Amino acid sequence: MKVCCTVLLALAVSCALIEAKTFSKCELAKTLANNGIPKASLPDWICLVQHESAFSTSATNNNNNGSKDYGIFQINNKFWCDSSYGANDCKIACNSLLNDDITDDINCAKLIFKRHGFTAWYGWKNHCSGKTLPSVASCF
């Protein structure tokens, strides 16, 4: 029984690792563009993701106020996703923001951006606003 549980645990951990992904700058730029993000704003989005999650879909952050940020855009569970903590304006489970399919993440990030602009993200405010942004011209 012990061996069976160990094997199942190892399998579950390896499956979780397979689902997580770290994007390259160009791969992310193309994915964002293919999901309705205007090319002119891609440098801002790339900079935001670089400083929020280092391009990793499995990134999480525990905040001082008890909330938690999830995924490549570091979407917060107090307002945007459901983890039985706060509101769920994006109508999405927070854990679904941690896999390699970022379509739902992008849709939620677009809603956040529509309501608050890039200033909703401290990574963008502290590292991208008014700064030289990464070029994505070579990606297309």
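Predicted model: local features only at pLDDT ≥ 70, side-chain atom pairs only at ≥ 80, totals over all residues.
Figure 1. The chain has 140 residues, and 38% of them count as buried.

**Figure 2. Order of helices and strands.** Five helices and three strands make up the secondary structure of the chain. Along the sequence they follow the pattern α-α-α-β-β-β-α-α.

**Figure 3. The buried side of helix H2.** Helix H2 spans residues 25–34, and its residues Leu28, Ala29 and Leu32 are buried. These residues lie on the same side of H2 because they cover an arc of only 100° around the axis. Helix H3 (42–53) and helix H4 (103–116) are the elements against which the buried residues of H2 pack.

**Figure 4. The three-stranded sheet.** The sheet is open, with antiparallel pairing and the strand order S1-S2-S3. Strand S1 (60–62) and strand S3 (75–76) stand at the edges; each has a single partner strand, so one side of each is left without a neighbour in the sheet.

**Figure 5. Pairing of strands S1 and S2.** Strand S2 comprises residues 68–70 and pairs with S1 in the antiparallel sense over three bridges. Within this view, Asn62 stands opposite Lys68 of S2.

Definitions and conventions: Residues numbered from 1 in each chain as written. Heavy atoms only, no water. Pairing = 2+ DSSP bridges. Helix = DSSP H or I, 4+ residues; strand = E, 2+ residues; numbered from the N terminus. Buried < 20%, exposed > 50% of the residue type's maximum accessible area, 1.4 Å probe, protein only. Arc of directions from axis to C-beta. Contact = heavy atoms within 4.5 Å.
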